[in-house]
Amino acid sequence: MLKAMLGEAWRAMGANRLRTALTMLGMVIGVGAVVIMMAIGQGAQYAVQQTISTMGSNLFIVLSGSFTTAGVRSGSAGGPTLNVADGAAIGELDGVTNVAPTHQGTRQLVYGSQNWSSQVIGTTPEYLDARAWSIVNGAGFGDSDVRSATRVALIGKTVAQNLFGDDDPVGKTMRIQQNPFIVIGVLGSKGQNLDGRDQDDTVIIPLSTAQRKVFGTPFLGSVRMIMVQAESAEAMPRVMDSVTALLRQRHRLREGMPDDFFMRNLSAAAESEAETTRTMSILLGAIASISLLVGGIGIMNIMLVSVTERTREIGIRMAIGARQQDILTQFLLEAVMISFAGCLLGLLLGLVIALAINAVTGMVVVISGSAALVAFAVAATVGIFFGWYPARKAARLDPIEALRYQ
Amino acid sequence: MTKPVIRVVGLGKSYATAAGLFPALKGVDLTIRPGEYLAIMGPSGSGKSTFMNLLGCLDTPTVGDYFLDGHNVAHMDPDALARLRNRTLGFVFQGFNLLPRMSLQDNVALPLVYAGVDKERRRAAGRELLAKVGLGQYAESLPNRISGGQQQRVAIARALVNQPRLILADEPTGNLDSHTSEEIMRLFGELNAEGITIVLVTHESDIAAHAKRQVRFLDGEIVSDHLTEQSPC
C-alpha cells in the first residue's frame, strides 16, 4: 500500500514538473544555505580552536608587581617581586600540573653572516609541557641544564629558516648577546597566536642561562613571569585563589596590603574568542534557517493549491474506498518527497559551494556528517509540518462536495 | 425469498438552510433484493440524489435505518463507510471520473490499492476487467486517449473490480450520445444477467426502461414503484 502511494506521489510530482521544481528550489536554497553557513561557521570555530590548542590549555600567568622609583611606576612585571622559589612553591599546590618561571625579551641572534631579532624565552623544561610544544628535530634541555646554566637553545621554525636557511640547525652554534649557544633542537610549528604574532619566531633557553648571560637580573633568582597550568578548566579559579594566598603569605603581605603581583588568565581570552565564533556560527545557522522556513511555506502553499486542484480526484478516491487516513498519507508523502528531494539537492549544492569557497578564498570550511543529518531531519520535519495542514484539509473533504467540484 | 441487499426503513435526510431545516428526504422505505435491476427516477430536487448518496455510503441519514447486506450503515464511522464503499459497492458516475494521469489498467485497479491487494494481483485484475468490458488492448493508455463511451466502460470495470454486492450508477449515460448510451445500457443488462445487482439513477424514461423495476421520487418521497412491462434484455 505504501509502495503504491509512493508511486502515486512520484506521479503527482511528475505531473507538473515546473511547479515541483520551483517548490523544491525553495528547499534547495534553504538547505544549501544552512549547509554553507554551518560549514563556514564550523570552519571558523575550528580555526579558533586550532589557535587555542597551540597556546596550551588551562594556563594562567603570574607577573611580578610594579614598583615605583621617584614617582615613576614601572608597570607590571617591572619589579623583582617573583623568584624561582615562588615557582617551586606553586608547583607543590594541589591542582597544578606544570609551573614554568620565565624570563623573556627580544634579542639579536647571529649565525655566520646571518642575523635575526627574535623573542628569547628563558624557562624550565616544564614550559614545553604546559604549552604542549613538541620538538621535531633534536632534543630538549633538562633540569640539569637549568641548574648548571648551560648555553643550549631550542629554536622555532621561523628562526631556523631565517638564520640557518636550508642547513640543519641542530648542533650548530649561534650567538645571543655575544654568548655562543648550541642549538640542540627545533620546535614544532604553532603558527600565529590570537594576536597574530608568529609563535615560531622564538628561542627557548634554560632560565638560569637567560638570567645570568642574556638578560641579567636585579636580584639573583628573580623572574618576571611564572606560567602555571591547572589540571582542568574547572580547577582554574581554585588554583588561582590558592596561588594568590600562597604568594601573599610568601611575600609577607598583611591584610589590606595590595598584591605585589598580577595574574592573567590566558584561557579566558581564548574562550571568549571561541564563544564569539560559536555565537557567530549559531547566528549564521539561524539566518540560513529562515530561508529553510520560507522553503517550507512554499511547500505548504503549493500543497494547498494542489489539494484544491485535485478536489475531484480526492472525491473519486474516497468514493472508491480511500479512508481519510489514506488521503492524508498520500498528500503528506508528496510533501515529504518534495522536501526530501529538495534537501538532497540542497545538500549537494551547499557542499559544492562550500568547497568552492574553500578553493577560491582559502577559508577553512568544515563539512560534518552531523550537519548533513541535521539538514535531513529538518527537511523531513519541514515536509511533515508544512504538509500536514494541506493533507488534513484534503482528508477532511466531504466526498459528495468533492465529487461535485468542477 | 432471498435476503435483501438493501433494506431502507424510514430513511430521512434534512439539510440546514438559511430558511430553516429543509427535508430533502422524508422517511423512505425500500427493499432491493439480489439480482435486481432498479432505476430511480424523478425530477431535480425530488430527493433522488440525496437518496443515492445515502445508498452509496457517502452521506449519513438524519433519521431512519439503512441495512446494507444486513449491516446497519446509518451510524457507522467514516472509516467503516470507506470500507463498505471499497468492498461492497461499485460506483459509476455521470462524468466517468477516471484519474487522468493513470493508465486505464491502474484506474480499474485503484480500489484494490485501498483494499491492500498486492501489485501483481492488481495488474492481473485490472487487465481481466478491462478485457471484460472490451478494452483489453488499451490497458496502458491514459483516459484522454479513448472516447467517452469507452471511458464509461472503464469506469464500470473499476466498479466491478472488488466484486461488489451492488453497483450504483448515477446518470451513467448523461454525458453520452444516444448510440453510446445504448451500448452502456447493454453492458449493464449483461452484467445484471450475470447476477449483479444494479441501481441506476436517471431522469430519462427510455434509459429507465432498461431496468426491471422503476422507482419514482417526488418531493422527497417515493410516489411509484413498479416493474417494467417489457424488459429489453
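**Stop one: a sheet in chain B**

Select strand β1 (residues 6-17) of chain B together with strand β4 (residues 63-68) of chain B: the two pair in the antiparallel sense over five bridges. Strands here are DSSP runs of E with at least two residues, helices are runs of H or I with at least four, and both are numbered from the N terminus. Two strands pair if DSSP finds at least two bridges between them. Zoom in on B:Val9, which stands opposite B:Asp65 in β4(B).

Before going on, a word on what you're looking at: this is a predicted model, where local features need pLDDT of at least 70 and side-chain atom pairs count only at pLDDT 80 or more, while totals for chains, interfaces and linings use all residues. Residues are numbered from 1 along each chain as its sequence is written, and chains are lettered from A and ligands numbered from 1 in the order in which they are written.

Now widen the selection to the open sheet of four strands, ordered β2-β1-β4-β5 (chain B) with antiparallel pairing. Its edge strands are β2 (20-32) and β5 (71-72) of chain B, each pairing on one side only.

**Stop two: where the chains meet**

Show both chains. Their contact takes 20 residues from chain B and 16 residues from chain A, counting two residues as touching if their C-beta atoms, placed from the backbone, lie within 7 Å. On chain B's side, α2 (78-87) and α3 (104-115) are the elements giving two or more residues. The largest share, six residues, comes from α2(B).

**Stop three: a covered strand in chain A**

Which strand of chain A is mostly covered? Pick β11 (residues 202-206): five of its five residues are buried, meaning that 20 or more other C-beta atoms lie within 10 Å of a residue's own, with C-beta atoms placed from the backbone (exposed is 12 or fewer, partly exposed in between). Strand β8 (residues 152-155) of chain A runs antiparallel to β11(A), with two bridges, and A:Leu154 stands opposite A:Ile204.

**Last stop: two helices**

Finish with A:Asp86, A:Ala89 and A:Ile90 in α3(A), which meet A:Val243, A:Leu246, A:Leu247 and A:Arg250 in α8(A).
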